[in-house]
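Have it open beside you as you read, and take the points in order.

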Amino acid sequence: MLEGRLVRLRALEPSDVERAYTWVNDREVTQFLLLRYPMSRTQEEKYLAEAAEQGNAYAGVRLAMETKDGLHIGMCGLHHTSPENRHASLGIMVGDKSYWSNGYGSDAVMTLLRFAFEEMNLNRVELGVFEFNERAIACYLKCGFVEEGRRREHYFQEGRYWDIIDMSVLRREFEAPQQNRVQAETASLEA
Ligand SMILES: CC(C)(COP(=O)(O)OP(=O)(O)OC[C@H]1O[C@@H](n2cnc3c(N)ncnc32)[C@H](O)[C@@H]1OP(=O)(O)O)[C@@H](O)C(=O)NCCC(=O)NCCS
């Protein structure tokens, strides 16, 4: 399990189906995801069974996000991992809306980034976010992602096209603030 400050990231289980099925059919949640069509319970069961059976590996990391009390509130993962280029795409969904804007998503992203850079030895983590998803953009900026471009009018939803903002964070950028913090602490000890 990956321990964050607020969340614990664990492998997905078939028994996660009830909550996951609700989230992937909640339009308030899926409006922010590449999930346009309603999902059947069979599809969700199959997805979870496959994830549980295949397990987590370099090629794909799919995790459940829990509070420290063990409440399943979402899912996240690293996909499309390239061993040659050492990069992957990050995906996240806090499906339980009552947990939005309380730091759980940022903590999960930071926990996943730590795992990506310090355990999987990745060099770059990237993602795409809809231009109207202000909460997610704020979350990613807080976690050190920078905007690197826009796929203009890439996604059609609610009768109009929207840009997808491409963001990424490099390992050295992720490590830099921590290094700086360590350096600042050392400097204050020496002073
Ligand atoms: C995006 C998501 C992962 C973020 O997780 P979260 O726990 O809600 O976010 P956090 O609380 O860690 O950070 C969000 C920040 O955005 C801020 N915020 C919230 N609404 C905002 C808005 N409309 N505009 C700007 N900032 C906003 C919050 O105040 C918070 O900043 P703060 O900590 O400085 O106060 C989560 O909301 C989610 O899964 N949403 C639905 C699915 C989704 O959008 N997935 C991502 C697809 S790219």
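1. Let's start with the residues around the ligand in this predicted model. By class, this shell is made up of 13 nonpolar, seven polar and three charged residues. Of the 23 residues around the ligand, the nearest are Val94, Gly103, Gly105, Ser106 and Lys142.

2. An oxygen atom of the ligand lies 2.8 Å from a backbone N or O atom of Ser101. For Asn133, a polar side-chain atom lies 2.8 Å from an oxygen atom of the ligand. Glu134 has a side-chain N or O atom 3.4 Å from a nitrogen atom of the ligand. On its own, the ligand has 960 Å² of accessible area, and the protein covers 74% of that.

3. Now step back to the pocket. The ligand takes up the space of the largest pocket, whose volume is about 1300 Å³. Its lining counts 46 residues, and Leu33, Gly91, Ile92, Met93 and Tyr140 lie nearest the centre.

4. Which classes make up that lining? It divides into 28 nonpolar, 13 polar and five charged residues. Elements that each supply at least two lining residues include α3 (41-54), β3 (61-67), β4 (72-82) and β7 (146-157). The elements β5, α4, β6 and α5 also each supply at least two residues of this lining.

Terms used
Residues numbered from 1 in each chain as written. Predicted model: local features only at pLDDT ≥ 70, side-chain atom pairs only at ≥ 80, totals over all residues. Heavy atoms only, no water. Near = heavy atom within 4 Å. Polar contact = N/O pair within 3.5 Å; in protein donor to acceptor, adjacent residues only side chain to side chain. Areas by Shrake-Rupley, 256 points an atom, 1.4 Å probe, with all protein chains shown as cover. 1 Å grid on protein atoms, 1.4 Å probe; cavity = no way out; pocket = protein on both sides within 12 Å on 5 of 7 lines; lining within 4 Å. Sits in = over half its atoms within 2 Å of the grid points. Nonpolar A, V, L, I, M, F, W, Y, C, P; charged D, E, K, R; others polar. Points joined across faces, edges and corners; volume = space filled by probe spheres on them. Helix = DSSP H or I, 4+ residues; strand = E, 2+ residues; numbered from the N terminus.
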